[in-house]
Amino acid sequence: MPPSFVVIVPTRNRAALAKNAIGSVLSQAGTNVRLLVSDNSTTPAERAELAAHCSRLADPRVQYVNPPEPLPMPAHWEFAVGYAQKNYDATHFVILTDRMMFRAGMLAAVTELVAERPDDVLSYNDDMVHDLHSPVRLERKPLTGKVFDLEAEQLLYLSSIGVFPQALPRMLNCVVPRGLLAAIRTRFGDVYTSVAPDLCHAYRCMSLRDRVRYFDAPVMVQYGFAKSNGTGYYGGKTNDAWVDFNRCAGARGITFAAPVPEVCCNLNVVYHEYCFVREQANDPARFPAVDWTRYVHAIANDIQSCANPENRAALFAVLKARVGADLAGWAPPPAAPPAPPAPRKSLWAKLRDAARAARGEPAADGTFRTTAAALAYSHRTAPVYVPINDHVQYMQRGWKLAG
């Protein structure tokens, strides 16, 4: 029996983005792919807009649902995936967040790979459209287009020393067999209920599986960074998504299992999930202890990435008070030099860029005027693959390279 798939789109107050995610599935999915839209919106207008959109599609592959009440992100993922398992007879499940789209033709490539080895977890990579500022930039990573078997033990070791590869099976970048979801729920009582459900899934998955199959190709494109949970922290302004994410985390906060839980920053959330699952799994041979010195230095570096100087100073003061002399030997990364003023474009350069934009191509400096133009270019053009890259080599041999 060939595998069958449910793509789950969990969304919250992002109807416009969710429509794009839905369209990226329906434009290429075959009859063995169905789509579940789980709308966790708190705003009636957003919910009404997305519900009406799904109804207008009149596509039997699409189902729109709501949780009984708005939920924190982990509980919403638990609801959506549990609903899909209960109401679909699919063999495999995928989460596509509302800030992501499948690139044209890539969903079929993924389903074909899964059919070769249906019992494996298959993770994959993405393109990124950096659209927080104008002009917009499309980042295409140097990927190989190849498939690799990676040892869970190796990926867990890398996490313990502060290296978090894209291949980690975070559910939003992988295809998961039904049996593994059931095994995770049996072992841990639920699949996602921590703080960052994607990373919670990754580490619970690797507590039960010895290998991850990784497709080193840009299967998705990620964008919409103004609405990202973490953008507020790095960008110096607290956006609605970051406020909502923190509020929904509850009294324990979003880093309660991290080595220094008092420091609330993006990287510490990642460490939190590793430590949270490590404690639950109670398998120190599989989950190495976090390398304390590397952890302290990594968190100090991440704090420096916070663009708000008051927040940056307050977080660093908390870290320094907690770790004391363990910061010895750490130095802040050198400040990036100020960007030189953009040279004035000649009339001919402006005309050439206008002509390129009309053809859907980037300007001479590789940028786009709009997010839509960058997304269209990502979907329309094939990536250029490299024979091998440092990313894959590090995941395969990182215990040697890390020293």
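**Entry 1**

I looked up R103 and found the residue buried, at 2% relative accessibility (buried is under 20% relative accessible area, exposed over 50%, partly exposed in between, with a 1.4 Å probe and protein chains only). I note that this is a predicted model, in which local features need pLDDT of at least 70 and side-chain atom pairs count only at pLDDT 80 or more, while totals for chains, interfaces and linings use all residues. Residues are numbered from 1 along each chain as its sequence is written, and side-chain values use heavy atoms, with hydrogens and water left out.

I then examined the salt bridge between the side chains of R103 and D127, at 3.3 Å from N to O (a salt bridge is a side-chain nitrogen of Lys or Arg within 4 Å of a carboxyl oxygen of Asp or Glu). This pair links distant parts of the chain: R103 lies in the loop between β5 (100–102) and α4 (106–116), and D127 in strand β6 (residues 122–130), 24 residues apart. Helices (H or I, at least four residues) and strands (E, at least two) are DSSP runs, numbered from the N terminus. D127 also counts as buried, at 2% relative accessibility.

**Entry 2: other salt bridges**

R34 sits in strand β2 (residues 33–39) and D89 in the loop between α3 (73–87) and β4 (92–95), so that the pair links distant parts of the chain, 55 residues apart. I recorded R34 as partly exposed at 24% relative accessibility and D89 as exposed at 59%.

I also located a salt bridge between the side chains of D353 and K345, at 2.5 Å from N to O. D353 is buried, with a relative accessible area of 10%, whereas K345 is partly exposed at 42%.

**Entry 3: helices α11 and α12**

I compared the axes of α11 (residues 292–304) and α12 (residues 309–323), which come within 9 Å and cross at roughly 165°. Axes are lines fitted to C-alpha atoms, for helices over the stretch in contact, and angles run from 0 to 180 degrees between N-to-C directions. The two helices are therefore roughly antiparallel (over 145 degrees; under 35 is roughly parallel, 65 to 115 roughly perpendicular and the rest oblique).

I listed the contact residues (heavy atoms within 4.5 Å): among them are W292, V296 and I299 of α11, and L315, F316 and L319 of α12.
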